[in-house]
Amino acid sequence: MVGSTFLHSGRLRPRQRHREPIDVAIPYRNSSDARLTDPRPVGTRRQTPRLDARGLLILSWLAPFAVVIAWEWLARTGWLSPQALPAPTRVAATAWQLIEDGRLLTDLGVSLLRAAAGFAIGGGIGFALGTAVGFSRLAEALLDRSIQMVRAVPFLALLPLVIVWFGVDEGGKIFLVALGVMFPIYINTVLGIRQVDPKLVELGRVTGLGGWGLVRRIILPGAMPSILAGVRYALAVAWLALVVAETIATTRGIGFLAMDAREFLQTDVIVLTIVVYAAIGVLSDAVARALERRWLAWHPNYAAGAKR
């Protein structure tokens, strides 16, 4: 009874056994030397397949090539009507005929000139406004809200007003392309400048960089990934705006070629213009990627992508 009382009162505790810690050998895995740390036999290890740059390029074209093959097969077996969607071989034959007539290359050159002029004007304005708003809160208060209001207006809603302002000349088409290009570059420029690490700016000031030195060596390089992302997006918007712009009374351009084919129910020509727009989009995106690899060679992510 007494022992039980002391045990429950906490004054007398039962003797506990001393247990030695058990040392369990856990193999240490080091990602830098998998051969020494992987306990599995060499023959049973799973090797992660890696593709070189040529393999990745071939892989990226497999899906479009498979789509074209399936499209051709469905057209030849009668699943697709020639009036609804002609076969790729027929579209290619139409393209060759238009090239021989000199019509396709002429219209393509006119469209490229309009897109290039609009991209240069709109991109320059968007970069200038984005730089001003990115550096100055006062400029943001004065400009940003008005820019966002104009950005929300669709191209088709502006088309009648553009005709009143510029008529059916080239100015209206270039204006629409420039307007569409301006907003992606503006937004991404502001975002890139605002996302620069303040510690890098402070480090530049400590090392003696002035205002222009900070902009040229730290702020603009730090904002360049975002700016180039805006350029890639703006290239796609430029062709979208050009399609709308070339619906204005004109006699040249890829858009006019598509509108003229619609009047005569030439589905093969319409599909050809879509393919041309897609091809130009792929080429322009490839140019933007090349600029990223060249101008962002200092960036570890882009440098790693360039080495693959």
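The model is predicted, so local features need pLDDT of at least 70, side-chain atom pairs count only at pLDDT 80 or more, and totals for chains, interfaces and linings use all residues. Residues are numbered from 1 along each chain as its sequence is written, and side-chain values use heavy atoms, with hydrogens and water left out.

Start with the overall build. The protein chain has 13 helices and zero strands. Helices (H or I, at least four residues) and strands (E, at least two) are DSSP runs, numbered from the N terminus. Of the 308 residues, 33% count as buried. Buried means under 20% relative accessible area, exposed means over 50%, and partly exposed lies in between (1.4 Å probe, protein chains only).

Next, the contacts. A contact means heavy atoms within 4.5 Å. Take the contacts between residues at least 6 apart in sequence: 70% of them join residues at least 24 apart.

Now the surface. The protein chain exposes about 21000 Å². Carbon and sulfur atoms supply 65% of that area. Accessible areas come from the Shrake-Rupley method with a 1.4 Å probe; for residues, only the protein chains shown count as cover. Leu 56, Ile 58, Leu 59 and Leu 62 make a nonpolar surface patch of about 360 Å². Patches are made of residues with over 30% relative accessible area and no salt bridge; like charges are joined within 9 Å, and nonpolar side chains (Val, Leu, Ile, Met, Phe, Trp, Tyr) within 5 Å. Leu 59 sits in helix α3 (residues 53–76). Its relative accessible area is 48%, so Leu 59 is partly exposed.

Turn to Asp 268, in helix α12 (residues 267–295). Asp 268 counts as buried because its relative accessibility is 13%. Its side chain makes a polar contact of 2.9 Å with the side chain of Thr 94. A polar contact is a pair of N or O atoms within 3.5 Å; within protein, one must be able to donate a hydrogen and the other to accept it, and residues adjacent in sequence count only if both atoms are side-chain atoms. Leaving aside neighbours within four places in sequence, Asp 268 touches Pro 86, Arg 90, Val 91 and Thr 94.

Charged pairs come next. The structure holds 12 salt bridges. A salt bridge is a side-chain nitrogen of Lys or Arg within 4 Å of a carboxyl oxygen of Asp or Glu. One of them pairs Glu 140 with Arg 194, with the closest N and O atoms 3.1 Å apart. This pair links distant parts of the chain: Glu 140 is in helix α6 (residues 137–151), Arg 194 is in helix α8 (residues 170–194), and they are 54 residues apart. Glu 140 is partly exposed at 25% relative accessibility. Arg 194 is partly exposed too, at 31%.

The side chains of Arg 232 and Glu 292 form a salt bridge (3.9 Å, N to O). Arg 232 lies in helix α10 (residues 211–245) and Glu 292 in helix α12, so this pair ties together parts 60 residues apart in sequence. Arg 232 is partly exposed at 26% relative accessibility, whereas Glu 292 is buried at 8%.

Asp 285 and Arg 289 form another salt bridge (3.0 Å, N to O). Both lie in helix α12, four residues apart, about one turn of the helix. Asp 285 is partly exposed at 22% relative accessible area, and Arg 289 is partly exposed at 41%. Salt bridges that share partners join Arg 232, Asp 285, Arg 289 and Glu 292 into one network.
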